Amino acid sequence: MEYIVRKVLNLRLFDDDGGKRWAKNVMDKQFEVLCVSQFTLCVTLKGNKPDFHEAMGPDLSQQMYQEFLKQLGAAYSPDKVQDGKFGAYMQVNIQNDGPVTIPLECVPAGPNYSMHLQNDVKKADKRAGKQSSSKVKSDEAADSSPSESPSSPGASGLT
């Protein structure tokens, strides 16, 4: 998660004052960061029907997403990190300079990946003073996913 937070804040996506491309990051420009959980990035197709079985379950993904937001705010500025309501249908109006899309992925780290996810959530809960209640079903389920989505904040689609 720390890798994704660092990348979101330090990617040089913006021009400098002299017009040099790819020179400044979001912190240099003092921009806001809008985070939107999007489990649909973990879609597979079964014929013509979308299948989201590779997406992280809602309880664990919401905890991971909240931890991502907390770490992002701590590394930058909490008032500059904005998000919508987790799991809600939202209409997001943006003006996009681009088109530029940079997917960030954090590939699962072997057979103990689900244990690492649970440990991240437990650490977050411990800092928040509560006990973790979410569990990943099995190592196989977590290892079957080739990457994480922003709803399981191991990846961010920057658009």
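Is Glu54 buried, exposed or partly exposed, and what is its relative accessible area? In this predicted model, Glu54 is partly exposed, with a relative accessible area of 22%, where buried means under 20%, exposed over 50% and partly exposed in between (1.4 Å probe, protein chains only). Glu54 sits in the loop that links β3 (49-51) to α3. Its C-alpha lies 7.2 Å from that of Val43, a residue eleven positions away in sequence.

Turning to the overall fold, the protein chain contains five helices and six strands, taken as DSSP runs numbered from the N terminus (helices: H or I, at least four residues; strands: E, at least two). Their order along the sequence is α-α-β-β-β-α-β-β-α-α-β. Of contacts (heavy atoms within 4.5 Å) between residues at least 6 apart in sequence, 68% join residues at least 24 apart. Buried residues account for 33% of the 159 residues.

Residues are numbered from 1 along each chain as its sequence is written. Local features need pLDDT of at least 70 and side-chain atom pairs pLDDT 80 or more, while totals for chains, interfaces and linings use all residues, and side-chain values use heavy atoms, leaving out hydrogens and water.
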